[in-house]
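Colleague: I would like to learn how to read a ligand site and a few backbone features. Can you walk me through one case?

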Amino acid sequence: MARAYNFYPGPATLPLPALERAQKELLDFEGTGTSVMETSHRSKEYDAVHNEAIALIKEFLGLGDDFHVAFMGGGASLQFAMIPMNLLASDQTADYIHTGTWSKKAIAEAKLFGHVNVAFDGETVGLTRIPRQDELELTPDARYVHFTSNNTIKGTQWHTFPETGSVPLICDMSSDFLWRRFDARPFSLIYAGAQKNVGPAGVTVLIIRDDLLARCKEENPTLLKYKTHVEKNSLFNTPPCFNIYMVRNVLAWMKDMGGMEGIEKQNRRKAGMIYEAIDAQPDFFRAPVDRDSRSMMNIVFRLPSEELEAKFVAEGKERGMLGLKGHRSVGGIRISVYNSCPMEAAEKVTAFMKEFAASNS
Ligand SMILES: Cc1ncc(COP(=O)(O)O)c(C=O)c1O
């Protein structure tokens, strides 16, 4: 079987065991004689999958009973609107830390509901680094602070999180959800489109703490209220069952890989070897991101010319390596090495980078 070395930024590669499990169970899921796509979302068989996925997320993050996990549709982009819709009134202010394309979109949506204070404008540093705590101009009584933990396009990542005191901290973790151990307790809300680190597109994981939930507005349409999803355990309406099932399969694989500790170790090794190759040849590979802000998920760099970048992408593809092209808004090369990207793929692309530099310098 020919599986590509898949470096797409999302939808991204999924673990082979998670796919094989789905293949094996496709026609007869848990002895039901149906696939999980054809089974009632109220059945005990589906319920077990749904709750196992929630339990694994809570276990990996060490979340107590004051945190709720929900599965939402509409992508991470819907959360850009749902957060201010639930939490921000027209006379209130929310702080947004702007570090890339996705925070810009989140800011635009929040402005539809209330005041936005841009606590740090990453454009002033070319979006090439994450701000220091002392650079954040936070509003003391803001409704919340929103930031993007990993900037999928620019390849920057927060390695220590912003401190916001008593102001609720909200994070778009779409492109680095569950990539490493971290203390989730200071967060009031975390959301992540599944399609990078934990599953296929079509489901967004939401984590919300009790105290923030209590502050959500009541006067929104039923399905756009966080309370609806939490109170009904994401079963108010028909959830994206197959997507959640796949998330369960990926999380179960992560557990087999040693849980968050094992996953983090592997992620650091993969990104480490690629950055090492970049740093070993600074005349050929140019990394635009400040070292302290480098993403362990999306590694971006430039080659000496756009022609060489196109050649790198084309030659990579000939060798079975997909998704090496940088985002169309920034160009260059981007190698995405999420949780499910195997070590072998990272080794393969690192060897290719070295070989390419040697033959094109
Ligand atoms: C950090 C981040 N946030 C949000 C999004 C938007 O996600 P969706 O397409 O699921 O709405 C993306 C998509 O790549 C992303 O990388």
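Modeller: We start with the ligand and then turn to the backbone. Keep in mind that this is a predicted model.

Colleague: How many residues surround the ligand, and which are the closest?

Modeller: A residue counts if one of its heavy atoms lies within 4 Å. Here 13 residues surround the ligand. The closest are S77, T152, D172, Q195 and K196.

Colleague: How do the residues of the shell divide by type?

Modeller: Three are nonpolar, eight polar and two charged. Helix α3, residues 75–87, supplies the largest share, with four residues.

Colleague: Which polar side-chain atom lies 2.9 Å from an oxygen atom of the ligand?

Modeller: Look for N or O pairs within 3.5 Å. The 2.9 Å case belongs to Q195. The side chain of D172 has an N or O atom 2.6 Å from a ligand nitrogen. A76 uses its backbone: an N or O atom there lies 3.0 Å from a ligand oxygen. Overall, the protein covers 85% of the 390 Å² of accessible area that the ligand has on its own. The ligand takes up the space of the largest pocket.

Colleague: Now the backbone. Which peptide bond is cis?

Modeller: Check for omega near 0°. The bond from G10 to P11 is cis. P11 sits in the loop between β1 (5–6) and α1 (16–25).

Colleague: Is L178 buried or exposed?

Modeller: Buried means under 20% relative accessible area. L178 has 0%, so it is buried. L127 also has phi near 55°, and at 9% L127 counts as buried.

Methods:
Residues numbered from 1 in each chain as written. Predicted model: local features only at pLDDT ≥ 70, side-chain atom pairs only at ≥ 80, totals over all residues. Heavy atoms only, no water. Polar contact = N/O pair within 3.5 Å; in protein donor to acceptor, adjacent residues only side chain to side chain. Areas by Shrake-Rupley, 256 points an atom, 1.4 Å probe, with all protein chains shown as cover. 1 Å grid on protein atoms, 1.4 Å probe; cavity = no way out; pocket = protein on both sides within 12 Å on 5 of 7 lines; lining within 4 Å. Sits in = over half its atoms within 2 Å of the grid points. Helix = DSSP H or I, 4+ residues; strand = E, 2+ residues; numbered from the N terminus. Nonpolar A, V, L, I, M, F, W, Y, C, P; charged D, E, K, R; others polar. Buried < 20%, exposed > 50% of the residue type's maximum accessible area, 1.4 Å probe, protein only.
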